[in-house]
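Let's take a look at this protein together. Have the sequence and the 3D view open as you read.

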Amino acid sequence: MVTTQQVVLSSLVGLAAWQSGSSSTVAASTTAGNDTITNDTYFYGQSPPIYPSPEMTGGSQWAAAYQKAKALVSQMTLEEKVNVTGGVDLRTGCSGSIYPNKRLNFPGMCVSDAGNGLRNTDFVNAYPAGIHVGTSWNKDLARRRGAAMGGEFRRKGVNVLLGPMVGPAWRVVRGGRNWEGFSVDPYLSGSLVAQTIQGVQSQGVQTSLKHYIANEQEMNRNPSGEVEAVSSNVDDKTMHEVYLWPFQDGVRAGTGNIMCSYQRINNSYGCANSKTLNGLLKTELGFQGFVMSDWGAQHAGVATALAGMDMVMPSGDGFWGDHLVKAVKNGSVPESRVTDMATRILTTWYQFGQDAIFDKPGIGMPLDVRQPHETIEGRDHNDRPVLLDGAIEGHVLVKNTKNTLPLKCPRMLSLFGYSARSADSLSPGPGDLLINLWRFGLTSVSIGDVLSSQLGGQQAKYPNIAVNGTIMGGGGSGAGTPAVFVAPYDAISMRAAQDDTAIFHDFGMPGPAVVPSTDTCIVFGNAWASEGYDRPSLYDNFTDSLVKTVADQCNKTVVVLHNAGPRIVESFVDHPNVTAIIFAHLPGRDSGTSLVKLLYGEAGFSGKLSYTVARKESDYGHLLSPDEPAGKFQKFPQSNFTEGVYLDYKYFEMHNITPRYEFGFGLSYTTFSLANLVIQRVNGGNSGEWAEGAIIPGGQADLFDNIATVTVDVSNTGNMAGAEVPQLYVGIPGGPAKQLRGFEKRFLAPGTTVPVEFPLTRRDLSVWDTTAQKWRLQRGQYNIYVGTSSRDVPLKGSLTIN
C-alpha cells in the first residue's frame, strides 16, 4: 500500500530534480515494430565534427584579464586545473560551487539561479519575468533591471547569475519555459538580452546566457530509461537566422559564460556538440568566455571536453574530476584543453573584478534559510523604481470599451477569481515539501496539482492554472522567492479604502453572484507554466466559464490574466460585457501595486505583445505542441524544425491566418500617429555583398556597421501622457514578408512630437549563405515598414541595395 507520506516523499524527488535537470518524459512504446532504432550510430555525422576546440586569445577587450588568468593557471597542477572545471557541493544554498584553491588564494565561486532574480534565499526581490520585460519593449528598462539584479547577486556573494534566457526561443507555443525568455522574435530577444547582460555585468557579476541552443521543449529534454533526449534538428540557415541570433547579441554584449543545453542538436547532445560549441560559438562568434553545462547535462567525459565544454555542474565527479586527470595522462585529452578550460574560467573571473569583490562566495546563500545563518541584505531601496516601472510596463491592454478604464472614483467594485489574492503560503516551511514548493515558486499551485505533475510519463497530469493564488512568475529554477510581494487584492483594497469605494469579493465560487449596484467587476485568472513540463493548453474552461458567469451579470467586466505565455480568449472576448482585457503577464513583487496604478490611470498602458495570440490553438499548426517519440524514433525522439524561420507572426502571415491579437499590439489611454518616413543610405557605408571583417566577440566586425537609417516622427495626438513603441519591419528578398529590425520606446506628453531613428546594420539586412558559410547582403529591393504592430504598418517604403 502507498501511504500519503510515500507520495509526498516521492514528489520531493521530482521537486529537487530541477536542480539535477529532470523533466517530463514520454516513454517508448513496448509495442514498437522491428524497425525501431536502438543505437545512435544511425545518426552519426548529422552534426558535423569540428575539432580541436579553439583556445581563447583574450582579444582586445579581455586582454588584461587573460594575462592574469594565464599567470595563475601556469602555477596550477593538472589536478588543480581540473578542480576549477567541476562543481562541488559546499553545503550552501548556491545552485553550484567551484572549490577554492587556498594555496593560490582563489576563493572559489558561487553560481545561482536565475534570470528573473536570485532565488532560494532571504532578503531579495522577485523581478518582472523575462516575458514581462519582453512585453515592455524597453531597452533602457531591461538594462536597469539587469543592474539591479546584478547588485543583489553581488551583495549575496554570487559570482554567476544563471541567466538570462534566450533558449527556448518560443518555437513551441506551449513550451513550459518560454516565460523565462523575452520573446518569440530573435531581434527583440537579442536586443533585450544584450541590455540585460550589460546591466548585470556592470555590477561585477557574470551572466550565464542559456540554454545553448535550440532547446525548445520540456518533454523529453533529458534521457530517461531507454529513451534518449529529443533531438532538435535544425538546418544551417535557420540556426543562424533564428536560434543563434540572440546568442550572437549576447556574445557581443560580453556575456561571461554560456550554458549548454540538455537536449540533442542534430542528434548530438548539446554539451558534447562540437559543431555548436567549437564551430559556431568559439570560432564563428569568437566567444572568449567559458561554456558551463546545465545541471546534469553531461553524458560523456572525453567527448564533452574535446567538444568545447569548460565547466560541468553541479558535480565534476561523474565524468571529469579524477577521470579527466586520467584522460589527460593517457593521451585522450590534451592537457592544453584543460589549461584552456581553466584559463577561460579564470579570465572571466578577473574580467569582472571578482578577485577583488568576492572574497566570500555564497556568503548570503544559506543551505536552509530556516536555520540560523548570517543575515545578508541583498536589496537596495534605490532599485524600487526599476521594480515598479518594470511591472507597470509589461502589462498589455488588448481591449477597452464603454470607457471602462481608467477607473474614475468607482462607488463599488466586485472582485472575482482565484488569481486575485496571494497564495496561502509564501514561506519556506515547515517540512521538506513546503520548502521545496517555496524554492521553486510552486506555492500558488495546489498540492494535488504539484503531486500529479511529478508522477512522470503517461500518469502525470499538468496544471493549466495556479488555483491557490496569483502568480508573479512561473515554476522551476527560474522562480522567485521575494522578501516582499503585493498581490492585486492587497493593492486594490488599499486604494478602495483611500477612496471609500465599496468592495465585494468572491475568490472561491465558480459561479458567483454579482451585486447589481456594482460599477465595475474585475475577474482574475492566470495561465501557469513551469520548468519540467509543457503547458497542457492555451486556455482553460474553468476560468473562461468564470469570466462569462460574471459578465452575464455585470455590464462592465475587466478580465486580468497573469499569463506565462500566449492565452487564447475566444470564448469571452466578444462578450458585450467583457469591456476590458489585460494580459498582466508575470510582474514580480509589485504585481498589485502596478496594476492599481494602471487601472486608475496613474500610469498608462504602454506594453506590446511580444508574441501572437491566435483565435484557436490549431492556428499555430505544428508549432503548438512539443514533439513526442514516434515510429522508429521512439527511443530517439526527433523534433524537425521544418518551418525554418517562419515562427509566430511570420508563420501567420505566410499562411494568411488572421490572429486575434498580433505581435507588437497593445492599446493605450492616449492616441499616437506616425509620419514622415525617411529612408537613407549611410554615406560611406560598405554595402558589399559579403562580410569581410575580422572576428570579434559576436562575429565579423563589419556585420555591425550601419548600412542605412530609417527615421519617423511620433506624435501623441491624445490628451494624456503616454508611451508608444514605433516598430521597424523589413521585407528581406526571399524571406518572410516582415521581420522586426528596429524598435524604440518613447514617452510623450499630449500634443508633442519626437523623431525616432532606426539604424540598419549589415547583419539586419543579411541572410545566411549556407554555401559560402557567410552572411550575405543580397542585391535588390528591401521593403521597409514602420508601424505600431506587425500588422498595423501605415508607413511604407523601400531600400535598394545595388
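Predicted model: local features only at pLDDT ≥ 70, side-chain atom pairs only at ≥ 80, totals over all residues.

## How helices meet

Angles between axes under 35 degrees count as roughly parallel, over 145 as roughly antiparallel, 65 to 115 as roughly perpendicular, and the rest as oblique.

## Helices H5 and H14

Two packed helices are described by the angle between their axes and the distance between the axes. Here, helix H5 covers residues 139–155 and helix H14 covers residues 384–393; they pack at an angle of about 140°, and their axes are 10 Å apart. H5 and H14 are therefore oblique to each other.

The crossing of H5 past H14 is left-handed. Which residues make the contact? On the H5 side they are Leu141, Arg144 and Arg145, while H14 brings Pro385, Val386, Asp389, Gly390 and Glu393. Sort them by class and you get three nonpolar residues, one polar and four charged.

## The whole protein

Zooming out, the protein has 21 helices and 29 strands. Its radius of gyration is 26 Å, close to the 28 Å that the globule rule gives for 802 residues, so the protein is as compact as a globular protein of that length.

## A stretch with a label

An unreviewed UniProt entry lists residues 724–790 as "domain: Fibronectin type III-like". What is the chain like over residues 724–790? There, 55% is strand and 6% is helix, and the end C-alpha atoms are 14 Å apart.

Methods:
Residues numbered from 1 in each chain as written. Heavy atoms only, no water. Axes fitted to C-alpha atoms, helices over the stretch in contact; angles between N-to-C directions. Helix = DSSP H or I, 4+ residues; strand = E, 2+ residues; numbered from the N terminus. Left-handed = near helix turned anticlockwise from the far one by under 90°. Contact = heavy atoms within 4.5 Å. Nonpolar A, V, L, I, M, F, W, Y, C, P; charged D, E, K, R; others polar. UniProt positions renumbered as here; feature names shortened; annotations may be inferred. Rg over C-alpha atoms; globule rule 2.2 N^0.38 Å.
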